[in-house]
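Have the model open beside you as you read.

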Amino acid sequence: MKKINASVLVIDDQEEVLIAARLFLKRHFNEVTTLSNPANIIKTISEKNVGVVLLDMNFRYGYENGKEGIYWMKEIAQIFPDVKIILMTSYADVHTAVEGIKLGAVDYLLKPWENDKLLEIIKHAVKLVRKQSKAATITVDYFTGQSEAILKAYKTAERIAKTDVTTLILGENGTGKFVLAKYIHDQSIRRNQPFVHVDLGSLNENLFESELFGYVKGAFTDAHQDSMGRFEKANTGTIFLDEIGNVPLHLQSKLLQVIQSKEVIRLGESKPRPLDVRIITATNENLQQSVIDRRFREDLYYRINTVSIEIPPLRERREDIIPLLDYFIHYMSHKYGLPEKKVDATIMKKLEAYKWSGNIRELQNRVERAVVLAEGEQIELHDMGFSDLDIKMDDKNIAVTLSDVEKSKIQECLIMNDNNISRTAEQLGISRAALYRKMEKYNISNT
């Protein structure tokens with residue numbers, strides 16, 4: 001019988017379970033790895049190029065509510081989003097396993113399992129991995145464009161990718177800073193190692209150290225076990241510190257120490273742990289001005305700014321708008337299994353003239369909406385969430401009321417933020433309640 005070309009990882013604290021799984025699965029799959037300690041999950045997935053993980057939901061005596069399994073499932077999904085996870089549980093914890101399905105696990109398996117059922121579930125997960133990989137090959141390429149500024153940015157990125165130089169990416173929200181950081185990682189010798197994205201702007205100050213640097217058991221209330229921070233999870237790979245300009249001044253020194261020493265000390269521990277990690281940072285802030293205003297440490301600025309790359313806003317690379325439009329139509333159509341639809345030349349001209357204050361993210365979100373909602377063979381402006389007024393807003397000869405402007409801005413921000421009310425309200429500088437009132441006033445839906 002020919003074995004299936006797949007790498008499967010089984011994680012359980014019971015040695016007899018691991019032995020049984022290994023003996024059975026090695027008859028069907030090329031590579032089967034077993035682990036009893038979940039602390040080694042991230043390293044093992046990276047080294048073995050694992051595609052499917054069979055994960056027990058309980059590891060320690062006295063903690064049998066399945067929360068550990070959910071915790072490790074989230075850790076795997078965050079660093080290796082393409083890995084498929086199958087949860088193993090007892091009958092008593094089925095409700096927690098179902099919660100895991102909602103969070104992204106592909107299936108769950110009751111212990112003790114039936115071999116035929118185990119094989120069926122893992123084969124299905126392998127098919128999902130291959131299907132996803134094929135889709136990525138077809139549709140997920142790095143879109144650069146033809147504008148001089150963006151070509152310059154990607155040329156610089158390609159050159160520095162071969163080194164470990166610390167890099168700062170500058171650009172407005174939605175310009176593609178994450179995409180460029182991932183491009184640098186994927187072109188480097190670390191491409192098969194973890195790429196860990198940290199949104200520093202959304203990180204709670206009280207969780208800053210524990211999230212980034214990790215902690216040991218007993219370091220604080222509810223620290224029931226040792227936990228790696230984001231820096232350790234990125235070890236041998238790349239850590240992307242997004243929105244670094246939003247880090248409060250009193251925490252910048254702690255970040256500087258780690259970046260400078262390439263060592264991390266977990267909370268509650270005195271022993272430094274060496275790091276082998278590439279550091280890429282990004283911001284939409286003017287850090288030079290922040291240094292002058294004493295809102296950003298000068299030594300940290302120079303430490304992260306060995307090389308800086310600036311990404312231009314979409315309004316400064318209008319020749320790339322239509323190619324980007326075509327790219328996202330193709331990508332989203334393939335993602336949702338829908339036929340590709342066309343855009344009329346007249347509409348294309350209007351889209352080229354539009355201001356795109358949300359940059360590429362706004363374009364991507366509007367195209368995704370249109371691909372899903374368009375009923376005919378052509379994509380119309382209303383399919384993208386536009387009204388005629390939105391498109392004419394750049395024309396100074398068009399008279400509009402203050403209410404028109406406010407309605408248009410709310411609609412624009414909702415699309416940019418994937419209809420998330422909290423983020424939209426924050427961007428607009430108003431409360432959630434005020435936003436809801438304005439949406440009701442202008443008959444705006446957030447669906």
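Which residue follows H2, and is its phi positive or negative? Asn49 comes after H2, and its phi is positive, near 50°.

1. A word on the source: this is a predicted model, where local features need pLDDT of at least 70, side-chain atom pairs count only at pLDDT 80 or more, and totals for chains, interfaces and linings use all residues. Residues are numbered from 1 along each chain as its sequence is written, and side-chain values use heavy atoms, with hydrogens and water left out.

2. Helix H2 covers residues 41–48; helices (H or I, at least four residues) and strands (E, at least two) are DSSP runs, numbered from the N terminus. Ile41, Ile42, Thr44, Ile45 and Ser46 are buried here, meaning under 20% relative accessible area, with exposed over 50% and partly exposed in between (1.4 Å probe, protein chains only). Their cover includes strands S1 (4–11), S2 (29–35) and S3 (52–56), along with helices H3 (67–79) and H9 (230–233).

3. Now look at H13 (residues 321–336) and H15 (residues 359–373), whose axes come within 9 Å and cross at roughly 45°. Axes are lines fitted to C-alpha atoms, for helices over the stretch in contact, and angles run from 0 to 180 degrees between N-to-C directions.

4. Leu428 sits in helix H18 (residues 421–428) and is partly exposed, with a relative accessible area of 25%. Leaving aside residues up to four places away in sequence, Leu428 touches Lys409, Ile410, Cys413 and Leu435.

Terms used. Contact = heavy atoms within 4.5 Å.
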